[in-house]
Amino acid sequence: MNIKDRLKIFWLSFPVQLVIMHVKKSQLLLVYWLILFACVTQNFGNRFGIPYLFLDPEYMGKVSWLAFFIIGICLGVFIMAYNISSYMLNSFRFPFLACLYKTFEKYCYNNAVLPVLFILTYIGGIYYFQLKNQLLPISIVTIQVIALLMGVGFVIFSTLKYFQHTNKDIYKLFGVATHDGDHDNVKFVSPIRDNKLKRQRRRGWKVETYLTFPFKLRLVRSTSHYKSFMLASVFRQNHINAAVLEMIIFLLFILLGLFRDYSVFRIPAGGSILLLFTMIIMIGGVFRYWLRGWAYTALVGLFILINFLSGLEVFNFKNKAYGLNYDGAQPEYSIPKMEEILSHYRLQKDYETGLVSLNNWKKKWHDAGVEKPKLVVLSVSGGGVRSALFTFNAMLELDSALNGQLLRYTQFISGSSGGLIGASYYRELYLRNKGSQKILENKETYLKNISKDVLNATAFSFIISDLFLNFQQFNYHGKTYLKDRAYAFEEQLNENTGHILDKQLSEYYLPELKSEIPRLVICPTVVNDGRFMVISPLPSTYLLKSKNNSNFKEAIPDGVDLMSYFENQGAGNLRYLSALRMNATFPYIMPVAQMPSEPTFQVMDAGVRDNYGVQTSVRYLIAFRQWIMENTSGVVFVQIRDNNKYEQSKMRTIRSLWEKVMSPFKNLSSNFIVMQDYVNDSFSEYLKTIYGRQIRFIDLQMNQKEDRVSLSWHLTQKEKLYVVQEGNNELNKFNIAAFCNLLTDDKSW
């Protein structure tokens with residue numbers, strides 16, 4: 001046999017023709033495979049840690065062989081859904097299938113090109129990721145891979161057994177011998193005319209060979225002597241059995257959603273994504289099978305209907321700030337209302353409350369024999385778990401250098417997203433332990449807690465519940481709210497931190513007023529108009545308007561104070577975890593929270609306005625500049641950043657048409673945080689003009705290596721080690737020593 005004949009056999013083989021058929025007819029099926037390939041090769045969603053959902057899956061709080069086994073089961077379900085949908089939509093193109101023994105099994109075997117390639121790629125990705133990033137021994141990784149394959153194999157074997165026992169081949173239906181069986185006793189079948197199926201059979205794809213297990217090549221025989229209705233009957237019963245499996249998977253989705261509060265039902269988020277793809281494939285397959293040419297029109301119509309229904313109150317699922325009252329009259333969200341609240345009386349009252357806190361802070365130092373202490377302001381950056389871990393560790397390093405005195409010096413903390421979560425955790429531990437000694441002694445435990453995964457629970461809730469009708473609710477202090485991914489995020493964070501942050505905002509009122517702990521101000525961004533909302537147990541309207549500026553009405557108010565604006569909605573009852581979550585609401589990852597106002601405004605990540613919390617700290621230092629200059633011997637402004645502001649982003653020459661089209665949007669988004677640095681530097685310069693030599697700036701920064709630590713709610717073991725090591729890099733060591741000198745040695749000023 002010459003090369004030309006071999007190439008012809010290869011080209012006209014069933015596996016190759018199936019791949020060609022998918023490329024030509026079933027592009028949507030290929031999209032899911034492309035996304036999965038991109039995920040496991042770390043070419044999609046790296047910035048947000050999406051590949052970790054597949055390469056480092058968590059189940060019941062840890063990455064184990066069981067997590068990979070569950071991922072394997074979900075992958076097996078996805079593969080069989082791909083086969084079922086492909087079979088339902090395309091089996092009529094290959095009439096010879098109906099004449100084979102175990103029809104569906106042979107179709108799956110020949111349709112295994114993409115699944116096998118993906119599994120091999122996935123296994124390679126697991127070995128590379130776990131060995132390089134999780135630093136696991138090869139024996140453990142091999143066990144994980146075996147568990148994955150066992151999960152895939154279990155589902156495929158079970159599904160094929162189901163089809164084997166429920167499907168009947170052409171012999172069992174009509175007594176006609178199959179092409180690859182040994183049936184006899186052939187019965188006479190009367191001719192029945194079926195023009196439609198005859199036309200379909202004539203349109204069948206040309207296939208000369210097909211594979212049987214294990215790797216045996218068989219010739220395709222002609223089916224022209226079979227009646228069309230016989231072939232249709234074989235295919236039809238396969239379709240009915242496939243519909244039964246679709247119902248089982250749909251029920252599985254519902255059960256996982258109903259029992260998601262139980263950790264045993266909270267499968268790895270990567271598995272949830274695979275199940276979601278399975279649902280979409282099957283629903284799309286049903287539409288295309290029954291509606292044929294009208295399928296896409298029907299899907300567009302369904303989308304329009306869903307979009308219309310989502311606008312109705314009964315289907316408009318709003319995320320809320322847990323603890324606030326959404327019943328009854330709600331404050332008007334307007335500029336006149338903002339200006340009304342920012343009255344001179346309110347400003348003066350809030351300012352005096354702030355002075356009480358400052359005087360109590362000074363009294364602690366006066367009792368210790370220090371007449372004019374140094375005042376420390378902390379600003380921390382956002383950035384998911386990496387920022388939470390870096391901030392917590394940086395505070396540990398500073399506190400250790402000061403022998404546990406960091407939070408005694410610190411009076412004000414602001415920031416964004418993960419950084420403020422890390423600072424809040426540190427502050428709460430300090431409050432509960434009445435000092436830093438226990439924190440420093442058990443730092444490994446606390447570093448482990450703050451770096452735990454939050455992404456899995458959030459992604460699981462989003463995929464299982466939020467994308468479908470979600471009617472589950474929970475009760476918080478007598479008020480009912482919807483369970484969604486925001487709730488899942490808070491509960492997972494609560495679990496990770498030992499439930500110590502599950503408090504109401506008002507519970508921090510006295511500790512902050514008495515200056516037992518530093519003030520911590522949370523400032524999420526208002527989506528509707530770009531303002532920000534000040535969340536603090538001590539009313540802080542002076543962060544929005546100067547009490548001495550009688551001409552403020554010439555300027556537009558750029559924020560609202562939660563305690564003042566929502567006084568009648570129980571602002572003090574706000575769950576502190578909700579405040580942290582709203583401050584870290586990255587678009588689409590978590591839902592924006594809707595506040596009880598008229599019209600409703602929504603809040604999201606503080607990083608939209610100020611990812612470093614600098615502007616809030618500057619406003620605080622401006623508001624109390626007179627008291628600070630009279631009662632302290634200087635201010636140390638500390639920035640804790642999960643990136644290095646002096647690292648220059650790489651410039652790349654634009655070459656392709658696509659790069660030219662996307663360049664304005666890509667550059668704007670990638671330089672968004674950099675532009676904030678320019679603004680914050682100008683604020684810092686303004687502070688220098690006010691305080692002169694009485695203010696110093698210290699930066700603790702994490703250098704981003706070429707393989708950047710992901711901006712995600714999940715970190716690998718290697719990333720965790722790197723983030724912790726960066727807290728004590730050479731530059732940070734120098735700055736920590738300088739920080740200590742500024743606080744303890746007046747000559748350094």
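A crossing of two helices is called left-handed if the near helix is turned anticlockwise from the far one by less than a right angle, and right-handed if clockwise. Helices here are DSSP runs of H or I with at least four residues, strands are runs of E with at least two, and both are numbered from the N terminus. The model is predicted: local features need pLDDT of at least 70, side-chain atom pairs count only at pLDDT 80 or more, and totals for chains, interfaces and linings use all residues. Residues are numbered from 1 along each chain as its sequence is written, and side-chain values use heavy atoms, with hydrogens and water left out.

Helix 3 passes helix 5 in a left-handed crossing. The axes of helix 3 (residues 27–40) and helix 5 (residues 65–90) come within 11 Å and cross at roughly 160 degrees. Axes are lines fitted to C-alpha atoms, for helices over the stretch in contact, and angles run from 0 to 180 degrees between N-to-C directions. Helix 3 is therefore roughly antiparallel to helix 5, since angles over 145 degrees count as roughly antiparallel, under 35 as roughly parallel, 65 to 115 as roughly perpendicular and the rest as oblique. The contact (heavy atoms within 4.5 Å) is made by Leu29, Tyr32, Trp33 and Leu36 of helix 3 and Phe78, Ile79, Tyr82, Ser85 and Ser86 of helix 5.

Aromatic rings come next. Rings of Phe, Tyr and Trp (its six-membered ring) pair if their centres lie within 6.5 Å; planes under 30 degrees apart count as stacked, over 60 as edge-to-face and the rest as tilted. Ring pairs link Tyr32, Trp33, Phe37, Phe78, Tyr82, Phe118, Tyr122 and Phe277 into a cluster. Tyr122 is buried, at 1% relative accessibility; buried means under 20% relative accessible area, exposed over 50%, and partly exposed in between (1.4 Å probe, protein chains only). Beyond residues up to four places away in sequence, Tyr122 touches Val40, Phe54, Leu55, Ile71, Leu75 and Leu148.

By the ring rule, the count comes to 32 aromatic pairs. One of them is the edge-to-face pair of Tyr109 and Phe213, with 5.9 Å from centre to centre and 70 degrees between the planes. Tyr109 lies in helix 6 (residues 103–110) and Phe213 in the loop between strand 1 (209–212) and strand 2 (216–219), so the pair ties together parts that are 104 residues apart in sequence. Tyr109 is partly exposed, at 24%, whereas Phe213 is exposed, at 70%.
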